[in-house]
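Good morning, and thank you for making time for this presentation. I would ask you to keep the sequence and the structure in view while I speak.

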Amino acid sequence: MHTRIRDYPSRSSEIIRDDPGVRDAVTGATIAFDQKRLQGYAEVDADAWRRWAEGVKSHTLTHLDRYLAEAETQLEANGAEVHWAADAAEAREIVMSLAARHSVKSVVKGKSMVAEEIDLNPALEAAGIEVYETDLGEYILQLLEEEPSHILGPAIHKSLQQVQELFADRLGSEPGGDPDTLARAARRVLRDAFIQADMGITGGNFLVAETGTVALIENEGNIRLTTSLPRVHVAVVGIEKLLPRMADLSGFLQLTARAATGQPIGCFVSLVQGPASHPDDDGPEAVHVVLVDNGRTDVLAHEHAWEALRCLRCGACLNACPVYRQTGGHAYGYVYSGPIGSVLDPGLLGLHEAMPLPFASSLCGACEDACPVRIPIPEMLLEWRREAQEEGLTPWKERAALKGLASVATRPGLYRLAGRIGSRLGATGVARGLPMLGEWAADRALPQPSRRTFRELWRKGIE
Amino acid sequence: MARVARATASRPGLPHPGALATPRSDNAVDAFVKRFTGSGGEVARADPELPPGEWLARFLRGLEPQVTGVALAPDVPPELRPRLQEAAGAHASAGISLAWGAAADTGSLVLPSTGTRAVQLLPPVHVVWLPAGRVFARLDDALLELGAGLPAAVGLHSGPSKSADIGRTVVTGVHGPGRCIAVLS
């Protein structure tokens, strides 16, 4: 997937300046999600659950080769086919060749971040295959030709009025219809799509090694239909999604739901082991699991970044983040946005490609407190910033300014002089006027300093 | 796989923390009812005085809007089958399934794919017969018991189909059934 990460500074200002409705919609939705998460956590011993989940995921990641091998063996024993994709291009080729092999003309899709990551829809459409996103939010975005802006609520940046206009225009629904009417209009189109489709494509929340189970969580029922009605089911799953045993699954299903929406569990969970084999089962005749690396082994090998692979894609860190709330996900320029995106994207894509995301944070720590698997996001952001500094990826002016600061701070006479100038003129004015600091200070409001420097007050005795 | 092995090689393996201890309610049936209805599911209690099939037929006739055709899962036993007009999943106004069991802590009905998925998913109303003594205190207990004989797929249904993707307003019956009714026998 091409990224627009580099444009983060300009895109975020554009969204805030030109499209204030986005900030209102995203802030409203994320605050509501965040409150539900807090309620969901409060009903259980959330600290213990989160420590447990962190432990299971870290154990799995440090033995990932073993569990991947076990999952493959088990899935094959269940009659499913397993495919390995090293990168996005390989993953697309695998799905395309499966579509050709099964003579697929139309596809229904459940919401999948990995499918977005590998840019699957354009490839399918280019081959003349009809593609229907079936998650209501994703369907809205497909009609608008937009990308999702939130892991969980892909269209949270859209207002009711925007959906009313879209559906009136594209589905012929009555103008100004309420959400119920609009949902019914989408249901009519998508119900036919489900019945017609040859192939269902989903992601996977978890893959249980012991039983070869792909577990999928949702509320609408579209994933249950996607994995049940078409004759072929393809699950595109990141290699980090493994869980060792069936005994681990129930805790993760519950914790993911609580972190995401505060629910005790998603309204629907699909546990897919393989193709239908019993005569009474009307499920798919073929099940394929595509295991996608696409940068994940690089993250796994990284000294600090590997912990980001524990991520459950619940969106809790996005909901808690005061920076994400200002712009929504589109400003970030890649499928994984918000705090988790800012630590995961540098690992998946390379730090150079993901600049300046590690800097798109105030380091307030709300993300780490929300995270159901306790990913130390602020610490990781600092690590990426340090690496960026070392690799010379930060602006040269900023590096020079820091060097200048260091040389002033280590010379007492010079430091005194600079302090006096600063306190008389006001820090913002001085900083903006300086050749080095100007760029840094342009986006920041600095506090008004005391009229006297600390050293002057110290000498006179503080009143 | 070799790449994954190389990537994990430099890091010591961390231990598995064992099982997650979650509370077990004393009365699993009550706990199930509370959770399931809390998520928008409905619960009906079969009349022990009536043959189950007859009770079910009366219950279905009492639903609004009028049930015009029922889709019956093949594993619903003969004594449970109401004498009503049958229809295929896509055209039925209610689907009748037999649950393998239920989990109290999450309020989930456990539905194996052998009960045919069209019946569980396509009609706007899903009526699920829950045999007595099949409510597990925890989902974990249910999944472990099921583990040995897992069918091709299992659905956990914990309420009606829901979405809040349009204007953050919750609507039901988006894709799956808009009503999910568990019948306690």
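Let me begin with a definition: domain bounds, as I use them here, come from an automatic or database domain assignment. On that basis, chain A is given domain 1, covering 22-296, and domain 2, covering 398-460. Taken over C-alpha atoms, the centres of domain 1 and domain 2 of chain A are separated by 52 Å. Please bear in mind throughout that this is a predicted model.

Together with A:L417 and A:I421, A:L414 forms a nonpolar patch on the surface, and the accessible area of the three together is about 250 Å². A:L414 itself counts as partly exposed, because its relative accessibility is 42%.

Helix α21 of chain A also holds A:R416.

Now to the salt bridges. How many does the structure hold over all chains? The count is 26. As a general point, side chains of opposite charge can pair when their charged atoms come close.

Is A:R258 buried or exposed? A:R258 is buried, its relative accessible area being 2%.

A second pair in chain A is A:E390 with A:R386, whose side chains meet in a salt bridge at 2.6 Å, N to O. Both residues belong to helix α19 (residues 377-390) of chain A; because they are four residues apart, about one helical turn separates them. A:E390 is exposed, with a relative accessible area of 59%, while A:R386 counts as partly exposed at 38% relative accessibility.

Chain A also contains a network of salt bridges, which links A:E54, A:E307, A:R310 and A:R374.

In chain B, the closest N and O atoms of B:R24 and B:D141 are 2.9 Å apart, and the two residues form a salt bridge. This pair links distant parts of the chain, 117 residues apart: B:R24 is in the loop between α1 (2-9) and α2 (28-38), and B:D141 is in helix α5 (residues 139-147) of chain B. B:D141 counts as buried, at 18% relative accessibility.

Let me stay with chain B and describe the chain as a whole. Chain B has five helices and eleven strands. Its C-alpha trace spans about 65 × 40 × 35 Å along the principal axes. Of its 185 residues, 56% count as buried. One buried residue is B:P123, with a relative accessible area of 0%; its place is the loop between α4 (117-121) and β6 (125-130) of chain B. From B:P123 to B:R134 there are eleven residues in sequence and 25 Å in space, C-alpha to C-alpha.

I close with the backbone. In general, most residues other than glycine have a negative phi, and most peptide bonds are trans. In chain A, the peptide bond from A:M355 to A:P356 is cis, with omega near 5 degrees, and A:P356 sits in the loop between α17 (351-354) and α18 (366-370). In chain B, B:E64 and B:P65 are joined by a cis peptide bond with an omega of about -10 degrees; B:P65 is in the loop between α3 (52-61) and β2 (70-72).

Two residues of chain A call for comment on phi. A:E145, not a glycine, has a positive phi near 55 degrees. A:E145 lies in the loop between α8 (136-144) and α9 (160-170) and is exposed, with a relative accessible area of 74%. A:R313 has a positive phi of about 60 degrees, although this residue is not a glycine. A:R313 is found in the loop between α13 (296-301) and α14 (316-320) of chain A and is buried, with a relative accessible area of 13%.

Notes
Residues numbered from 1 in each chain as written. Chains lettered and ligands numbered in written order. Predicted model: local features only at pLDDT ≥ 70, side-chain atom pairs only at ≥ 80, totals over all residues. Heavy atoms only, no water. Patch = residues over 30% accessible without salt bridge, like charges linked within 9 Å, V, L, I, M, F, W, Y side chains within 5 Å. Areas by Shrake-Rupley, 256 points an atom, 1.4 Å probe, with all protein chains shown as cover. Salt bridge = Lys/Arg side-chain N within 4 Å of Asp/Glu carboxyl O. Buried < 20%, exposed > 50% of the residue type's maximum accessible area, 1.4 Å probe, protein only. Helix = DSSP H or I, 4+ residues; strand = E, 2+ residues; numbered from the N terminus.
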